Amino acid sequence: DTMGKTLLIITGASRGFGRAVIIQIAQHIKELDMVFLGRDLDGMKETQSLAMPHINVDANILIHQVDLTNLDHLEHHFKTVFDQVTFSNYERIIAVSNSGSLGHLASQATLDLTEIRRTIDLNVTSTVIFNSMILAAMKSSQTQLRLINVSSLCAIKAFKYHGLYCLGKAARDMLMAVIAEETKDSNNVKTLNYAPGPLDTEMAKELREKCPENEYLVNLHREGKLLDPMASALKLVNLLREDKWDTGAHIDFYDLP
């Protein structure tokens with residue numbers, strides 16, 4: 001482990017892929033502090049207890065309950081959290097934008113404003129604010145910053161009835177690409193869109209139930225070919241440790257050896 005003292009800040013830390021990333025990073029990075037952001041306090045505490053056996057006894061874990069759809073208070077929440085962190089204490093910050101919802105899985109002809117707003121607020125706007133505020137907080141810092149967006153095949157391929165979800169994933173990929181352009185001359189900042197593949201999580205189950213028309217996922221589930229989130233999270237951790245990807249890249253689980 002050559003990463004030096006690391007701070008992981010992650011949204012959507014209570015279950016699924018977010019939890020898997022936390023546990024894998026805890027297993028593979030020695031000097032580690034963590035900040036969990038999410039709505040489900042019990043879930044985040046459970047994640048903490050699963051990560052604890054792998055981290056140093058003096059590691060700091062900060063758990064902050066926040067509703068990422070409540071945009072009016074979001075900047076205040078993030079500021080409160082970032083004010084508790086001394087970024088210069090770390091050699092590397094890894095900020096993972098993981099939280100998201102499927103939104104309304106239906107024809108584009110049936111969407112309503114409330115549903116559109118709620119899904120875009122969570123999947124896009126909160127992600128923009130999160131990354132923007134981290135960049136601002138670290139503006140003059142010499143600390144390495146790695147901004148990781150949990151992407152999806154849906155960012156680059158259209159699936160019927162997945163309009164809001166695909167749109168949100170595509171927007172987040174572009175956000176990382178734009179930040180990559182803006183920080184190209186900096187030696188400290190890199191961004192990555194990591195698509196973890198078709199995972200065996202609660203979200204995948206919800207997707208199959210709400211949208212059986214997604215034959216791709218239904219068939220993978222029937223054939224027992226959905227991926228273990230821990231296996232996909234490990235590939236992300238290996239990417240982070242090697243740190244050789246081109247900033248702004250979209251890398252899929254299946255692209256990696």
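Visitor: What makes you say that both faces of E6 are covered?
Guide: In this predicted model, Val189, Thr191, Asn193 and Ala195 lie on one side of E6, Lys190, Leu192 and Tyr194 lie on the other, and all of them are buried. Side chains in a regular strand alternate between the two faces of the sheet.

Visitor: Why is E6 called largely enclosed?
Guide: Buried means under 20% relative accessible area, and 7 of the 7 residues of E6 are buried, so the strand is largely enclosed by the rest of the structure.

Visitor: How do you know that E5 and E6 pair?
Guide: Two strands pair if at least two bridges are found between them; E5 and E6, which run parallel, are joined by 6 bridges and therefore qualify.

Visitor: Which strands are called edge strands, and why?
Guide: The open sheet has 7 strands in the order E3-E2-E1-E4-E5-E6-E7, with parallel pairing. Strand E3 (61-65) and strand E7 (249-252) are its edge strands, as each pairs on one side only. Neighbouring strands of this sheet are turned by 15° against each other on average, direction ignored.

Visitor: What makes E1 and E2 a parallel pair, and which helices pack on the sheet?
Guide: Strand E1 (residues 6-11) and strand E2 (residues 32-38) run parallel and are joined by 6 bridges, and Ile10 stands opposite Phe36 in E2. Helix H1 (residues 16-28) packs on the sheet, where it touches E1, E2, strand E5 (144-150) and strand E6 (189-195), and its direction makes about 170° with that of E1. Helix H4 (residues 113-137) also packs on the sheet, touching E1, E2, strand E4 (92-97), E5 and E6, with a direction at about 170° to that of E4.

Visitor: How do you describe the way H3 and H4 cross?
Guide: The axes of helix H3 (residues 71-83) and H4 come within 10 Å and cross at roughly 35°, and the crossing is right-handed.

Visitor: What puts the buried residues of H6 on the same side of the helix?
Guide: In helix H6 (residues 202-210), Ala204, Leu207 and Arg208 are buried. They cover an arc of only 95° around the axis, which puts them on the same side of H6. Helix H7 (215-222) is included in what covers them.

Visitor: What makes the phi values of Tyr161 and Asp243 worth a remark?
Guide: Most residues other than glycine have a negative phi. Phi of Tyr161, however, is near 70°, a positive value, and phi of Asp243, in the loop between helix H8 (229-242) and E7, is near 55°, also positive.

Technical notes: Residues numbered from 1 in each chain as written. Predicted model: local features only at pLDDT ≥ 70, side-chain atom pairs only at ≥ 80, totals over all residues. Heavy atoms only, no water. Buried < 20%, exposed > 50% of the residue type's maximum accessible area, 1.4 Å probe, protein only. Helix = DSSP H or I, 4+ residues; strand = E, 2+ residues; numbered from the N terminus. Arc of directions from axis to C-beta. Contact = heavy atoms within 4.5 Å. Axes fitted to C-alpha atoms, helices over the stretch in contact; angles between N-to-C directions. Left-handed = near helix turned anticlockwise from the far one by under 90°.
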